[in-house]
Amino acid sequence: ARGGLPGLREIVEQLEGLPLSFAELERELLPARMADYQPRMLDELGALGEIVWLGRGALGKGDGLVALYRRSQAHLLAATPLPAEAAPSALASALLADLEARGASFYMELCARAGVSGTEVLPALWQLVWAGLVSNDTFQPLRSLGIGSRPPTRRRMRASGPILSQTAGRWSAVSALTTRAGAGAAPVAETERAHARVLTLLERHGVVTREAALAEAVPGGFSALAPVLRAMEEAGQLRRGYFVEGLGGSQYARAGTIERLRAARDDDSLAGNAVVLSAIDPANPYGALLPWSGSGSDDASASPRRVAGARVVLVAGAPVLHLERGGSVRYFPDAAPGALEVAVAALRSEASRRRGRTRSLRVTSINGAPATRSEHTASFERAGLRLEPGALSLPLAD
């Protein structure tokens with residue numbers, strides 16, 4: 001993507017409507033797509049009213065699933081509110097009714113109208129956020145969750161504190177975003193929603209398949225999109241065929257996408273065709289659209305997972321390494337000869353591009369076996385890792 005705000009707009013369109021860990025979104029997914037990404041850019045688009053976010057469920061105390069939308073598309077793509085894990089408290093219900101009646105409000109206004117202390121309002125507000133009922137016009141409250149979940153330091157204690165950050169910006173009811181703007185506006189037809197979802201899947205995956213609809217839990221599944229896909233094919237906007245091996249037979253793509261797939265098929269070089277991604281990145285099809293290749297282990301519990309914090313290295317489109325926090329690595333031994341060396345070089349390059357934030361990679365296990373006694377230990381040493389007591393180590397930055 002391009003740099004700056006124009007590039008970020010393109011990225012939001014690619015990720016639109018997909019529930020993602022917010023911490024992982026800012027730490028991995030956006031920087032992987034933009035070398036110059038800065039959190040303030042997301043805030044700028046929010047302040048301009050171009051993008052909005054919806055909570056799609058909490059992930060512990062320090063993070064949560066968030067879906068980004070262009071404001072102009074939210075009424076078409078935003079799903080209905082999530083069923084709450086517990087019935088909204090009386091205070092949460094009162095806050096929601098207040099926001100629906102009065103519109104966007106600052107936190108102190110909500111506290112004053114509710115007639116209770118801020119320490120009571122904040123948990124009720126986040127209950128509404130993660131149920132998909134309330135949002136904010138800034139991203140700072142989401143960032144502050146991660147700050148608040150870490151042990152306090154003197155620097156953070158001297159700052160305004162995570163509680164104040166969680167109350168930044170204006171809060172609003174999501175119902176105002178998910179209805180068509182304008183007085184007397186007609187309700188959104190299901191065909192219109194289906195068309196918007198097809199365009200989103202094309203932007204994100206390039207090829208629309210039954211597996212993509214299933215992985216993204218499209219309401220009504222692939223059958224709900226089929227009439228729109230057929231109509232677009234008849235209009236010459238899409239082509240139907242069998243473009244990606246391993247996926248179902250009903251595949252739809254634009255002509256330009258098909259040409260790019262053919263070019264990738266004909267390019268069998270490894271060098272320059274490696275990429276390091278978050279395991280949950282939609283650009284990584286494995287574990288969602290495609291099965292993982294053999295990982296060299298019979299332990300099903302040790303199979304690769306699409307979880308926040310895990311990374312995958314793809315070389316020429318095939319998985320070579322899956323790395324989880326703590327040093328557990330899955331190596332795919334059916335990768336092409338030389339792919340491991342290319343994958344390790346990609347990890348070094350990525351660390352350099354990210355200004356060496358991670359200084360070394362420590363591998364404690366490979367495919368469930370101790371890293372120093374694995375059948376693949378010698379291969380990893382040839383790829384550049386050093387044997388150390390109890391682990392293999394790869395310096396990533398000086």
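The axes of α1 and α3 come within 10 Å of each other and cross at roughly 80°; axes here are lines fitted to C-alpha atoms, for helices over the stretch in contact, and angles run from 0 to 180 degrees between N-to-C directions. That makes α1 and α3 roughly perpendicular, a label for angles of 65 to 115 degrees (under 35 is roughly parallel, over 145 roughly antiparallel, and the rest oblique). On the α1 side the contact (heavy atoms within 4.5 Å) uses G4, L5, L8 and R9, and on the α3 side M41, L42, E44 and L45. By class, that contact has five nonpolar, one polar and two charged residues. Ala, Val, Leu, Ile, Met, Phe, Trp, Tyr, Cys and Pro count as nonpolar, Asp, Glu, Lys and Arg as charged, and the others, Gly among them, as polar.

A word on what you're looking at: this is a predicted model, where local features need pLDDT of at least 70 and side-chain atom pairs count only at pLDDT 80 or more, while totals for chains, interfaces and linings use all residues. Residues are numbered from 1 along each chain as its sequence is written, and side-chain values use heavy atoms, with hydrogens and water left out. Helices (H or I, at least four residues) and strands (E, at least two) are DSSP runs, numbered from the N terminus; the protein has 16 helices and 18 strands. Of its 398 residues, 45% are buried, meaning under 20% relative accessible area, with exposed over 50% and partly exposed in between (1.4 Å probe, protein chains only).

Back to α1, residues 4–15. Its twelve residues should span 16 Å at 1.5 Å a residue, and the end C-alpha atoms sit 17 Å apart, which agrees; the expected span is 1.5 Å times one less than the number of residues. Which residues of α1 are buried? They are G4, L5, G7, L8, I11, V12 and L15. These cover an arc of only 155° around the axis, so they are on the same side of α1; the arc is that of the directions from the helix axis to the C-beta atoms. The buried residues of α1 pack against β1, α2, α3, β2, β3 and α11.

Is E16 buried or exposed? With a relative accessible area of 1%, E16 is buried. Leaving aside neighbours within four places in sequence, E16 is in contact with L68, Y69, R70, Q73, L77, T200 and R204. α1 is also followed by G17, whose phi is positive, near 80°.

Now for another helix pair. Helix α11 (residues 190–205) and helix α13 (residues 221–234) pack at about 75°, with axes 9 Å apart, and are therefore roughly perpendicular to each other. Among the residues making the contact are V198, L201 and L202 of α11 and L229 of α13. The residues of this contact divide into ten nonpolar, two polar and one charged.

V208, in strand β7, is buried, at 0% relative accessible area. Beyond four places in sequence, V208 touches V198, L201, L202, F222, L229, S250, Q251 and Y252.

Most residues other than glycine have a negative phi. A217 has a positive phi near 50°; A217 lies in the loop between α12 and α13 and counts as exposed at 59% relative accessibility. N367 has a positive phi of about 55° too, but N367 is buried, at 8%, in the loop between β15 and β16.
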